[in-house]
Amino acid sequence: MHPTPIPNTLGALVHRSAALQTPTDLHANATRDLSASLNGVLADVFALYLKTKNFHWHMSGPHFRDYHLMLDEQSLELLAMTDPLAERIRKLGGSTLRSIGHITRSQRLLDNDAPFVEPTDMLAELCEDNKTLSQWLRQGHELCVEHRDLATASLIETWIDAGERRTWFLFESGRHGDSSGH
């Protein structure tokens, strides 16, 4: 019969209180710079996700169904970015957003709490926000090049392409057609 091991409570306490320091071959300044950039993007993605859902929920008018479905698709795409973004920050050795308050303090995109927004204004606002998000992703990509972080650069390239697609769809959907509807 084997004796029951006694748990090492002191070791467990030390382990639990240790800082989150994921090992990486990147220099400390790379971890700092890249984590800061990606956390800003992450906060903006959460803000844009919620704004897109807000407009999805409050869409009205003759193109309701098309706009409603497009914004639902775009919001899901934005939400799908959040976990890979946060996990990438952790892989780089950084820490990430911890709360809604942290998101609010970190976001750069503006919220829209208006009780009513015209559908074309919704599309135009989301178009600009997605274009701005792509600009910040490009700035993050420049940091990746500077710090030789190929993995983050690769993810960012995919997210820029998706952002450009959202911008394109929003722009085209918000254009005024001629008298034939085209």
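These are my notebook entries on a predicted model of one protein.

**Ground rules.** I number residues from 1 along each chain as its sequence is written, and I leave hydrogens and water out, so side-chain values use heavy atoms. Since the model is predicted, local features need pLDDT of at least 70 and side-chain atom pairs count only at pLDDT 80 or more, while totals for chains, interfaces and linings use all residues.

**Overall layout.** I looked up the secondary structure and found 6 helices and 0 strands. Helices here are DSSP runs of H or I with at least four residues, strands are runs of E with at least two, and both are numbered from the N terminus. Along the sequence I read α-α-α-α-α-α.

Next I looked at burial: 40% of the 182 residues are buried. My cut-offs are under 20% relative accessible area for buried, over 50% for exposed, and partly exposed in between (1.4 Å probe, protein chains only). The exposed surface comes to about 11400 Å², with 58% of it from carbon and sulfur atoms. Those areas are from the Shrake-Rupley method with a 1.4 Å probe.

Then contacts, meaning heavy atoms within 4.5 Å. Of the contacts with a separation of 6 or more, 80% are between residues 24 or more positions apart.

**Helix 2.** How many of the 30 residues of helix 2 are buried? I get 22, so helix 2 is largely enclosed by the rest of the structure. From first C-alpha to last, helix 2 reaches 43 Å, close to the 44 Å expected; the expected span is 1.5 Å times one less than the number of residues.

I stopped at K53, which lies in helix 2. Buried or exposed? K53 counts as buried, at 11% relative accessibility. Leaving out residues up to four places away in sequence, K53 touches D72 and S75.

**Helix 6.** This helix runs over residues 150-174, and its 25 residues reach 36 Å, close to the 36 Å expected. Its buried residues include I156, W159, I160 and L170. What do the buried residues of helix 6 pack against? I find helix 2 (28-57), helix 3 (64-91) and helix 5 (119-147).

I searched for aromatic pairs: rings of Phe, Tyr and Trp (its six-membered ring) with centres within 6.5 Å, where planes under 30 degrees apart are stacked, over 60 edge-to-face and the rest tilted. The count is 1. The ring centres of W168 and F169 are 5.2 Å apart with planes at 85°, so I log the pair as edge-to-face. W168 is exposed at 51%, whereas F169 is partly exposed at 29%.

F169 turned up again in my charge search, with R165 over the face of its ring, 4.3 Å from the centre. I also noted R108, whose charged end sits over the ring of W136 at 4.0 Å from the centre. The rule asks for NZ of Lys or CZ of Arg within 6 Å of the ring centre and within 35 degrees of the ring normal.

**Cysteines.** I looked for disulfides (a pair of cysteine sulfur atoms within 2.5 Å) and counted 0. C127 is buried at 9%, and C144 is buried too, at 2%.

Most residues other than glycine have a negative phi. R148 has a positive phi, near 60°. Where is R148? I found R148 in the loop between helix 5 and helix 6, and at 71% relative accessibility R148 is exposed.
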